[in-house]
Amino acid sequence: MTKDYTNQFVDGMWVRGSGPEFSSVDPFSGREWVRLTSATREDVARAIGAAEKAAPEWARTPGVERGRLLDELAGALRDNLDALAEIETHDSGKVYRENKAQIAFAARNYHFHAGNADKLTGESKPLDNYDMVDFTTREPIGVTALITACNSPLSQLANKLAPALAAGNTAVVKPSEHASTSTLEFARLAEEAGFPPGVINVVTGAGETGDALTSDPRVGKISFTGGVGTARRVAANAAPNLVPCVFELGGKSANIIFDDAHLGRAIVGAVAGIFAAGGQTCIAGSRLLVQDTIYDEVVTALAARAGEIRLGDPMDPATELGPITHRGQYEYVLSRIDEAIADGARLVAGGRSDVDGAPDALFVRPTVFADVTPEMRLAQHEVFGPVLAIMRFRDEAEAVEMANGTDYGLASGIWTTDITRAHRVAKRLAAGTVWINTYRTSAAQAPFGGVKRSGYGRERGTEALLEYTRTKNTMIDLSGSDRDPFRLGT
């Protein structure tokens with residue numbers, strides 16, 4: 001039976017969206033499982049008004065109290081882990097155990113920033129004039145607009161909402177129209193945790209809802225996770241109001257295996273880098289750069305491992321790979337596979353797939369292409385699916401050139417037992433995150449974000465907290481002098 005999630009959370013109340021209804025389709029069963037409503041421009045304006053009204057009092061709330069509420073929210077996430085993970089599985093098709101792990105990590109982020117809420121400190125600045133005192137303070141921005149993508153809604157939201165709330169801001173949240181349900185359930189948990197009305201608001205809908213949110217002059221900061229094209233639209237909406245943005249966008253991340261690497265670990269890292277989350281993650285290691293002396297061995301091993309990955313019901317603990325989140329993305333991934341074959345890449349594993357007992361599921365088999373060259377479209381364009389491009393390099397210089405040879409710069413991996421090489425290559429890679437002898441490892445304390453078309457600004461860590469503050473400078477004259485600086489000689 002289709003569930004009803006047509007209410008949205010605004011000013012501490014559950015209200016029905018005024019716009020058209022839309023549905024979320026379970027990508028495994030192919031059936032509509034949730035009905036939702038779109039927030040109109042008027043609905044969004046009311047949500048922003050609620051956040052604006054709540055902002056001064058929330059900013060004045062002592063950091064220790066904001067931290068207490070964030071801790072309550074972290075606990076609520078942990079207590080409802082199973083139910084929230086099941087919702088995200090039905091919305092996104094990502095396997096249940098992966099969703100459960102990511103939501104647990106989201107709870108860790110709320111806990112981390114709970115500890116930061118009463119530790120927003122400024123600096124004392126030594127000036128040239130001994131009789132002057134100067135210091136800075138960090139102040140909240142006010143209303144923030146937080147927009148998440150369909151692949152990991154609650155995990156992405158934690159990256160944005162936890163530091164925004166800790167710093168004393170209020171928020172209007174818009175999840176992807178393809179995966180809104182867990183965010184609405186999250187709002188129930190925030191309500192139960194005791195957050196004041198208007199501090200957290202959730203509106204649902206597609207592009208028109210997002211346009212209304214990102215073009216409102218009362219919004220002081222926008223954080224968006226998604227594609228480059230939509231980011232440009234968000235930036236264009238924000239520009240007339242001079243609203244700063246944080247963009248966490250796509251990637252075409254290079255995972256580099258040198259011939260002195262521990263091959264067993266490197267191959268496991270390559271598999272996890274691209275096939276975890278079905279490749280539907282911005283940090284996917286979708287380009288595997290392999291030194292020529294071990295190239296054939298690695299290609300053979302990865303093709304064999306890809307063929308062993310179990311596809312099936314994402315709620316089944318035995319399933320290793322679920323379906324693509326929605327049909328539009330499914331068709332896009334298949335088109336990229338066809339395109340790679342036409343460009344001359346060698347298909348060594350995978351392709352489109354049917355799974356017994358799931359005729360309507362949006363499955364793409366773990367797909368591996370060898371002999372990909374830098375000019376091929378598969379080497380340049382994000383697929384956002386379980387598709388790996390393996391590329392051959394001769395030496396360190398060529399590996400770096402190839403790794404940096406795209407418009408993206410989100411993440412990269414280096415597999416080597418030579419520690420000097422690891423440091424040397426890491427310094428030369430144009431990427432916001434570099435992993436050495438690991439991949440897709442996250443920590444609440446570690447900042448995350450990209451360069452080039454992978455976006456700007458940082459999420460997680462103390463750096464994220466600072467994104468949601470502005471610096472005020474205060475200067476005090478201690479001299480007590482009444483000398484008039486406009487009268488020479490006095």
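1. How many helices and strands does the secondary structure of the protein chain come to? The count is 15 helices and 23 strands. Keep in mind throughout that this is a predicted model.

2. Overall dimensions. The C-alpha trace of the protein chain spans about 85 × 60 × 40 Å along its principal axes. The radius of gyration is 24 Å. For 490 residues, a compact globule would have a value near 23 Å, so the two agree.

3. Packing. Of the 490 residues in the protein chain, 57% count as buried. Contacts with a separation of 6 or more were also examined: residues 24 or more positions apart account for 72% of them.

4. Surface and charge. The protein chain exposes about 20200 Å². Carbon and sulfur atoms supply 51% of that area. There are 51 positive and 63 negative charges. Their mean positions lie 2 Å apart.

5. The annotated site. Which residue does the UniProt annotation "active site" cover? According to that record, an unreviewed entry, it is Glu248. In the model, Glu248 lies in strand β12, which runs over residues 245–248.

6. Is Glu248 buried or exposed? Its relative accessible area is 5%. The cut-off for buried is under 20%, so Glu248 counts as buried.

7. Surroundings of Glu248. Leaving out residues up to four places away in sequence, Glu248 touches Phe224, Thr225, Gly226, Cys282, Leu410, Phe448, Ser454 and Glu459. One of these contacts, Glu459, is itself a glutamate. The annotation on Glu248 comes from the UniProt record, whereas the burial of Glu248 is computed from the predicted model.

Technical notes
Residues are numbered from 1 along each chain as its sequence is written. This is a predicted model: local features need pLDDT of at least 70, side-chain atom pairs count only at pLDDT 80 or more; totals for chains, interfaces and linings use all residues. Side-chain values use heavy atoms; hydrogens and water are left out. Helices (H or I, at least four residues) and strands (E, at least two) are DSSP runs, numbered from the N terminus. The radius of gyration is taken over C-alpha atoms; the globule rule is 2.2 Å times the number of residues to the power 0.38. Buried means under 20% relative accessible area, exposed over 50%, partly exposed in between (1.4 Å probe, protein chains only). Contact means heavy atoms within 4.5 Å. Accessible areas come from the Shrake-Rupley method with a 1.4 Å probe; for residues, only the protein chains shown count as cover. Lys and Arg count as positive and Asp and Glu as negative; His and the chain ends are not counted. The place of a charge is taken as NZ of Lys, CZ of Arg, CG of Asp or CD of Glu. UniProt positions are given in the numbering used here, feature names are shortened, and annotations may be inferred rather than shown by experiment.
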